[in-house]
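Grab your viewer and work through a couple of exercises on this one. Try each task yourself before you read the solution.

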Amino acid sequence: MKIAIVCYPTFGGSGVVATELGIALANRGHEVHFVTYKQPVRLELLSNRIHFHEVHVPEYPLFHYQPYELALSSKLVDTIKLFGIELLHVHYAIPHAYAGFMAKKILEQEGIYIPMITTLHGTDITLVGNHPVYKPAVTFSINSSDVVTSVSDNLKKNTLELFDIRKEIEVIPNFIDKTKYSTSFTDCQRSLMATDEERIVTHISNFRKVKRIPDVIQIFYRIQQEIPAKLIMVGEGPEKEKAELLSEQLGIADRVVFLGNSNEIDRILCFSDLFLLPSESESFGLAALEAMINKVAVISSNTGGIPEVNRHGITGFLSDIGNIDEMAKNALKILRNDSVLEEFKENAAEVALEFDILNVLPLYEAVYEKAYRARYKNSY
Ligand code: GMT
């Protein structure tokens with residue numbers, strides 16, 4: 001099938017899922033066309049089955065806001081016609097589902113019927129999409145999609161509670177490709193980061209408020225008071241500076257390493273013992289799943305879809321949002337003892353396999369088939 005994928009090309013989870021899905025679809029023989037404003041970060045190799053089409057928005061001084069949706073719709077129309085695309089899959093409702101719907105309608109006037117799948121990722125529903133300035137447009141675009149998928153049961157529940165949705169929402173969880181990690185590094189170069197006695201605790205995110213970055217630092221502060229440990233902070237975002245300052249104020253700056261954005265997440269996770277995800281809200285927690293497949297135990301909040309991924313007492317522990325004392329205590333339960341740590345690490349990797357792409361890809365292919373067969377139904 002010839003599939004166009006629209007996503008954010010940045011380090012955010014929705015872009016990562018869209019990119020990895022596109023790569024996997026291409027490996028299965030589909031032709032995949034990414035349409036977005038920059039080459040997606042995890043898309044290193046383009047090939048005859050993976051294409052990238054840049055959406056360019058010319059600056060015009062009259063516009064206070066440059067109209068990205070318009071440019072995206074037009075680019076979709078051109079790309080779909082030029083390459084004979086058969087299906088459009090948009091990740092993150094805002095503004096992708098809206099722009100995709102416009103493209104679909106423009107094409108219908110030319111007798112081209114393109115089914116549109118919308119995948120909801122989280123903040124497009126919970127934090128951003130639910131805002132009154134966007135709500136009617138988001139509701140309309142979800143209801144106008146041919147198929148709607150959400151990345152967790154919890155996100156489906158939230159969507160149905162927050163919006164007036166008249167469409168069935170299919171839950172297709174996020175996934176990992178275990179073959180990517182099966183080359184597991186024999187030498188993780190752990191010694192570059194920590195001594196043999198130190199445990200390595202890691203956090204990876206876009207450092208937004210929703211991730212509760214100060215909690216990450218405070219949990220680690222309590223851990224390192226009890227056992228030798230290092231904290232590795234991976235990512236960039238508005239809360240990073242505050243986190244650096246807090247580590248200095250707490251006198252632990254020499255034990256906290258800020259690495260910035262990285263394309264070597266698997267290498268970093270390879271030498272990590274514990275992953276911290278104390279988020280305020282999280283529709284799934286892809287970062288936790290990526291940690292788990294790399295045999296890293298997880299200490300997280302129990303919000304949103306996280307309990308669907310991190311299993312309490314098995315792959316790690318979950319606590320109420322903001323309960324940093326309990327999170328630190330639970331972290332120490334795992335980290336203090338080699339054999340306990342090993343057990344949690346093994347469990348994490350085993351549970352992560354439930355989300356193997358081999359189980360998840362057929363679910364997407366099935367909805368593609370269904371939408372393609374019904375492509376004339378949603379047009380008027
Ligand atoms: O976590 C973020 O802030 C990035 C955001 C995104 O849209 O890229 O992530 C959301 O989608 C991910 C992939 O489906 C999920 O794993 C994250 O849980 C979700 N983030 C939130 O719900 C806050």
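Predicted model: local features only at pLDDT ≥ 70, side-chain atom pairs only at ≥ 80, totals over all residues.

Residues are numbered from 1 along each chain as its sequence is written, and side-chain values use heavy atoms, with hydrogens and water left out.

**Exercise 1.** Work out which residues surround the ligand and where the ligand lies relative to the domains.

Step 1: Count the shell, taking residues with a heavy atom within 4 Å of the ligand. You get 17, and the closest are Ser14, His121, Asn174, Lys211 and Glu282.

Step 2: Look for polar contacts (pairs of N or O atoms within 3.5 Å). The side chain of lysine 211 puts an N or O atom 2.7 Å from a ligand oxygen. Backbone polar atoms do it too: glycine 13 at 2.9 Å from a ligand oxygen, and phenylalanine 284 at 3.1 Å from a ligand oxygen.

Step 3: Check the domains, whose bounds come from an automatic or database assignment. Domain 1 (2–175 + 357–373) and domain 2 (178–355) both give residues to the shell, so the ligand lies between them.

**Exercise 2.** Find what lines the largest cavity and why it lies between the domains.

Step 1: List the lining, meaning residues with an atom within 4 Å of a cavity point (1 Å grid over the protein atoms alone; a 1.4 Å probe fits but cannot get out). Among them are Val16, Arg42, Phe175, Asp177 and Tyr181.

Step 2: Both domain 1 and domain 2 supply lining residues, so the cavity lies between them.

Notes:
Near = heavy atom within 4 Å. Polar contact = N/O pair within 3.5 Å; in protein donor to acceptor, adjacent residues only side chain to side chain. 1 Å grid on protein atoms, 1.4 Å probe; cavity = no way out; pocket = protein on both sides within 12 Å on 5 of 7 lines; lining within 4 Å.
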